[in-house]
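These notes are meant for a colleague opening this structure for the first time. Please keep the view at hand and take the points in order.

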Amino acid sequence: MKPIKRKYLKYLLLGVICFLVLWLWPQKKEKENGHPRDYAEIIASGILHAATEYNSISFYVDGDTVTGFHYELIEAFARDKGIQAQVSPVMSFGQRLQGLETGKYDVIAYGILVTSELKDSLLLTSPIILSKQVLVQRKPVSEYDSLFIKNQLDLAGRTLHVVKGSPSILRIRNLGNEIGDTIYTNEVEKYGSEQLIAMVAHGDIDYVVCDESIARAAADSLPQLDISTDISFTQFYSWGVSKQSPVLLDSLNSWLIKFREGKEYKKIYRKYYGKE
């Protein structure tokens, strides 16, 4: 296998460092015992707390600059509302949800797969992007490579690694029902999608399910990877807020509908996705 390119390795290492710093840094007790804030309280404080994932699409550090698709969008929203956005990379989807419940975060500024199950636990904004879940695996070493998954039927009895709490778990379960066999999942809490993808490239694990945009960005730097097997259809992805923040949801939706029609959004989208 070819070595990881320097740029991708930098993203990977910085992601791990950021996660460890945030994980080990002592949290103020009152933060954990807080409550979800709605729009008026956020505006009064002047700061919007957002959680996202550290990866080369959503949020990453490039030299002395913080950038990323979701980072730039939430920064634009805060700017237009006259407040500051404080964005934290949180690798575990479950921890992002918990952060909403305790008021540690006001919004999950990350592409959340819209499912009926999630609609019971949080409020989802109007769609941010269209994407799908894909299987990340290594390219076959021969025509008879038994590890290589050629189609969804080959997933029977395999173990797929996912970020803990990921909405893709529900899709994997449904896919198991569709093919009439069990597909096992291993939920990983300490790493994000890009770190799991790097583990596939190195042969530490065999399969990861993640968002296509993240997989495609990784595959550009890791040519030994295959991302051709779809796990889901193309679906809507949104941001999420607490059910106790309906006015914040309305504000985000109104802003997103207008912002997506402008030149700034199109420029940001092309920067990370390379297409309209």
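1. In this predicted model, 52% of the 276 residues of the protein chain count as buried. The chain holds 11 helices and 13 strands, and its accessible surface comes to about 13,600 Å², of which 53% belongs to carbon and sulfur atoms. Among the contacts with a separation of 6 or more, 77% are between residues 24 or more positions apart.

2. Aromatic rings deserve attention, since the count comes to 11 aromatic pairs when centres within 6.5 Å are taken as the rule. In one of these, the ring centres of Phe69 and Tyr265 are 6.3 Å apart with the planes at 70°, and because an angle over 60 degrees counts as edge-to-face, the pair is placed in that class. Phe69 belongs to helix H4 (residues 69-80) and Tyr265 to helix H11 (residues 263-273), so this pair ties together parts that are 196 residues apart in sequence. Phe69 is buried, with a relative accessible area of 0%, and Tyr265 is buried as well, at 7%.

3. Another ring pair is formed by Trp255 and Phe259, whose centres lie 4.3 Å apart and whose planes meet at 15°, so the pair is stacked. These two residues are 4 residues apart in helix H10 (residues 246-259), a separation of about one helical turn, and both Trp255 and Phe259 are buried.

4. The loop between H10 and H11 contains Arg260, which at 33% relative accessibility counts as partly exposed. The C-alpha atoms of Arg260 and Ile128 are 8.5 Å apart in space, although the two residues are 132 residues apart in sequence. Leaving aside residues up to four places away in sequence, Arg260 touches Pro127, Ile128, Tyr265 and Lys266, and its side chain reaches the backbone oxygen of Pro127 at 2.8 Å.

5. The side chains of His161 and Asn186 are joined by a polar contact of 3.3 Å. Beyond residues up to four places away in sequence, His161 touches Asn186, Val188, Ile205, Tyr207, Val208 and Val209.

6. A last point concerns a charged side chain and a ring: Arg96 lies over the face of Tyr110, at 4.6 Å from the ring centre.

How values were computed
Residues numbered from 1 in each chain as written. Predicted model: local features only at pLDDT ≥ 70, side-chain atom pairs only at ≥ 80, totals over all residues. Heavy atoms only, no water. Buried < 20%, exposed > 50% of the residue type's maximum accessible area, 1.4 Å probe, protein only. Contact = heavy atoms within 4.5 Å. Areas by Shrake-Rupley, 256 points an atom, 1.4 Å probe, with all protein chains shown as cover. Phe/Tyr/Trp six-rings, centres within 6.5 Å; stacked < 30°, edge-to-face > 60°. Lys NZ or Arg CZ within 6 Å of the ring centre and 35° of its normal. Polar contact = N/O pair within 3.5 Å; in protein donor to acceptor, adjacent residues only side chain to side chain.
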